[in-house]
Amino acid sequence: MIRTLSNAYAPSSREEEVRNIIIKELADFYTDIRVDNLGNLIIHKPGKIKSIAITSPMDEVGFLITHIKDEKKAIATSICPVNSLTLHNNIAIDNENNLFVCEKCKNNTENIEKAKNIEFNNLSICKGEKLDNDFISKTLIYNSNFKEIDEFYVGKAIERSVCCSILCDIARSVANSLYEYYFVFSAQNYCDKKGALTATFGIKIDELYNLCCIDADNEDVNVDKGPVLVLRDKMLISDNDLIAKFDNITPLQRLISSNFVCEGGYYQRQHTTQKNISVGIPVNFLRCFNEVVSKNDIDNLKRVLLEVVLP
């Protein structure tokens, strides 16, 4: 399933393909499946005891075409922060399989920020296809094939692919539990977390576990050393009671303080009484065309979560 999700087309606000993959996976286990007006997929399992939510983003890094320079070149901006040094000569693709190569990016910096005025050359020009204004507002994603290399997965959109896959496995495992569960697959994570701002309206939750990926190149964590418990980030201080549930679990890395922003803080805004925590997987080259994640870290995060969220 990780391979299928990685190869899917789902930039922010265009998550339909990933949503359909997940619904197909879980339709035999749950009947209460809904998609809200923003595109969040919310799957509910009724229960008699406490209410637990587990969340995962569905989208990926994307580029929005803002104008056409000529019949061969399109100018785009990134939907989310990216390392602009990784863009040069990389191939992008739209939802109609038109291929583009990034020739120039004026944000020539290592800083992870939104990149503007990215020049994409249309590789379909050899087939006689010319760019026109109909391409404006089209979204592009990295054209990168998923690969298995030894004990690692390599590909694009690793955050959504790994987190959604783990959440689907958990959803199947807890189908007969006495607890009430909400499995929230959120839209527009890379577009300022807009999905998380709306996903929990009308849902009463006691505990929320936010699944995410941690940039191992810029944070004090390492790939293949276990999943990561995030104690504090820019938006959220994780709840002490939930932290205590992870005390005796190994392998587990603890990220004391982080500069990244995860969805957990946005869920906290909606329900100030719920307990929140973020747990994730370290990834090398996050938000690039070939992200790297450890198979062992994936297996361990899945095991850890089942130990913690099952009664």
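I began at Y209, whose opposite residue in β18 is I277. The model I am reading is a predicted one.

Strand β15 (residues 207-215) and strand β18 (residues 275-283) run parallel, with 9 bridges between them.

**Entry: S51**

S51 belongs to strand β3, which covers residues 51-57. Is S51 buried or exposed? Its relative accessibility is 4%, and because buried means under 20%, S51 counts as buried.

I next checked what the side chain of S51 meets. It makes a polar contact with the side chain of E180, at 3.5 Å. A polar atom of the S51 side chain also lies 3.1 Å from the backbone oxygen of K204. Leaving out residues up to four places away in sequence, I listed the residues that S51 touches: E180, Y182, K204, I205, D206 and E207.

**Entry: strand β10**

I turned to β10 (residues 118-122) and asked how many of its residues are buried. The count is 5 of the 5, so the strand is largely enclosed by the rest of the structure. I sorted these residues by direction: I118, F120 and N122 point one way, E119 and N121 point the other way, and all are buried.

I also looked up the pairing of β10. Strand β5 (residues 73-78) pairs with β10 in the antiparallel sense over 4 bridges, and there A76 has I118 as its bridge partner. Strand β8 (residues 99-105) also pairs with β10 in the antiparallel sense, over 5 bridges. On that side I found F100 opposite N122.

**Entry: a sheet of 3 strands**

I looked at another open sheet, which has 3 strands in the order β12-β13-β19 and antiparallel pairing. Its edge strands are β12 (147-149) and β19 (291-294), and each pairs on one side only. Neighbouring strands here are turned by 30° against each other on average, direction ignored.

I then looked inside the sheet. β12 and strand β13 (residues 152-155) share 3 bridges in the antiparallel sense, and I149 stands opposite F152 in β13. Helix α7 (residues 295-309) packs on this sheet and touches β12, β13 and β19; its direction makes about 55° with that of β19.

**Entry: rings**

Last, I searched the whole structure for aromatic pairs and noted 8. Which residues do ring pairs link into a cluster? They are Y30, Y179, Y181 and F183. I also noted a charge over a ring: the charged end of K138 sits over the ring of F135, 5.8 Å from its centre.

Methods
Residues numbered from 1 in each chain as written. Predicted model: local features only at pLDDT ≥ 70, side-chain atom pairs only at ≥ 80, totals over all residues. Heavy atoms only, no water. Helix = DSSP H or I, 4+ residues; strand = E, 2+ residues; numbered from the N terminus. Buried < 20%, exposed > 50% of the residue type's maximum accessible area, 1.4 Å probe, protein only. Polar contact = N/O pair within 3.5 Å; in protein donor to acceptor, adjacent residues only side chain to side chain. Contact = heavy atoms within 4.5 Å. Pairing = 2+ DSSP bridges. Phe/Tyr/Trp six-rings, centres within 6.5 Å; stacked < 30°, edge-to-face > 60°. Lys NZ or Arg CZ within 6 Å of the ring centre and 35° of its normal. Axes fitted to C-alpha atoms, helices over the stretch in contact; angles between N-to-C directions.
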